[in-house]
Amino acid sequence: MTKELYTLLVAALENKPSANFSADDVNTAAVNALAEELGLDANASVREFRTVENKAFALIEEAVDEILPKKLDSVIGQFAEVKTYARDAEIVFNIEKIGKNRAKLTISKGARGGIYRAARLDSKYFSLSASVYTVSVYVTLEEILLGTMSLSELFNNILEGFEEIVYKEVFTALATGSAAMGVDHKVTSTKANLGESLDSVLPIVKSYGIPTIFGFYETVSNIYNPLASATTGYPNNEDSADIRRYGHVQVYKGVRVVELPNYIVADNGGTDVTWAYDTDKVFVVPSGAKPVKVGLRGEMYIQKNTQAVGSEKWEAHKYMGIGVAMANNYAVITVTAE
């Protein structure tokens, strides 16, 4: 790949202007440069697209690999440390800076069956095993070259997919940790009293670092900032806008609120729905110390997967290790109906 094409692809994936093109024009410039690199012209047939699509996505994945760690860090960097490693390197974090009391226990995925395990930490190094994680994107090379889907839309789908994976694995690690380590800061609360319960644990978690509140929609949608009075509604327009757009406030008393993804594993109609994770937990985690560790190893591989019904998707595969290094410094709130 030429340096010019690489620069244009990175700029188009990020939807940012380059030295010679505006943000609106950079995708067109990148697509034209990509087509030229692939030997395609404006009259190229579908058959010609198919003969070069593997090469095209190999070029795209090289550019994605350049910006994915930085973009992922910009999204989860408040509470997570994101590092990249060579394909043959071990994922190891130096957690000495977390402090002796904050890193007594680590939570990482085991080699068998994806089960998370808790262990006492005997050194300042935290090792993580890597697993292959996959994000599927329904797109064809023809759609990209014809402008039906932009490169930035493709990248945002990949980024959001890996972001969701990290949130899911963080929840699994935290849930495992609370069971394995007997977290002292356990609170049971009703939905109506969730704010009071948060107020009781936030000072404790703040002593370890800047807190972040994690929970599923069913729980975080019950978090409200105090009203100015009984009749004025939400205290400011930001809360109203957050609830209208996201269904819950994004910030509670200066603390970021993050909605975790959940998945329906069985739906028998009506209210008989089984979720992948219990929705009654709220976690308050010190994010200043960045207890969550995310290691990205090796290169991304984007592979075509043709479906039995004739449709096709491209799957972005990435080796990642995800774990939590902390002691009894986070809180778990179990929210009951009443």
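**Pockets and a buried residue**

Reply: The largest pocket holds about 320 Å³ of space, where a volume is the space filled by probe spheres set on grid points joined across faces, edges and corners. This is a predicted model, in which local features need pLDDT of at least 70 and side-chain atom pairs count only at pLDDT 80 or more, while totals for chains, interfaces and linings use all residues. Residues are numbered from 1 along each chain as its sequence is written, and side-chain values use heavy atoms, with hydrogens and water left out.

Me: What makes a residue part of the lining of the largest pocket, and which lie nearest its centre?

Reply: On a 1 Å grid over the protein atoms alone, a pocket is an open set of points where a 1.4 Å probe fits, with protein on both sides within 12 Å along at least five of seven lines, and lining residues have an atom within 4 Å of a point. The largest pocket has 15 such residues, with Glu163, Tyr167, Gln250, Val258 and Glu259 nearest its centre.

Me: Why is Thr212 called buried?

Reply: Buried means under 20% relative accessible area, with a 1.4 Å probe and protein chains only; Thr212 has 0% relative accessibility, so it counts as buried.

Me: How do you know which residues Thr212 touches?

Reply: Contact means heavy atoms within 4.5 Å, and, leaving aside residues up to four places away in sequence, Thr212 touches Val258 and Phe283, among others.

Me: How many residues of the protein chain are buried, as a percentage?

Reply: Buried residues make up 47% of the 338 residues in the protein chain.

Notes. Buried means under 20% relative accessible area, exposed over 50%, partly exposed in between (1.4 Å probe, protein chains only).
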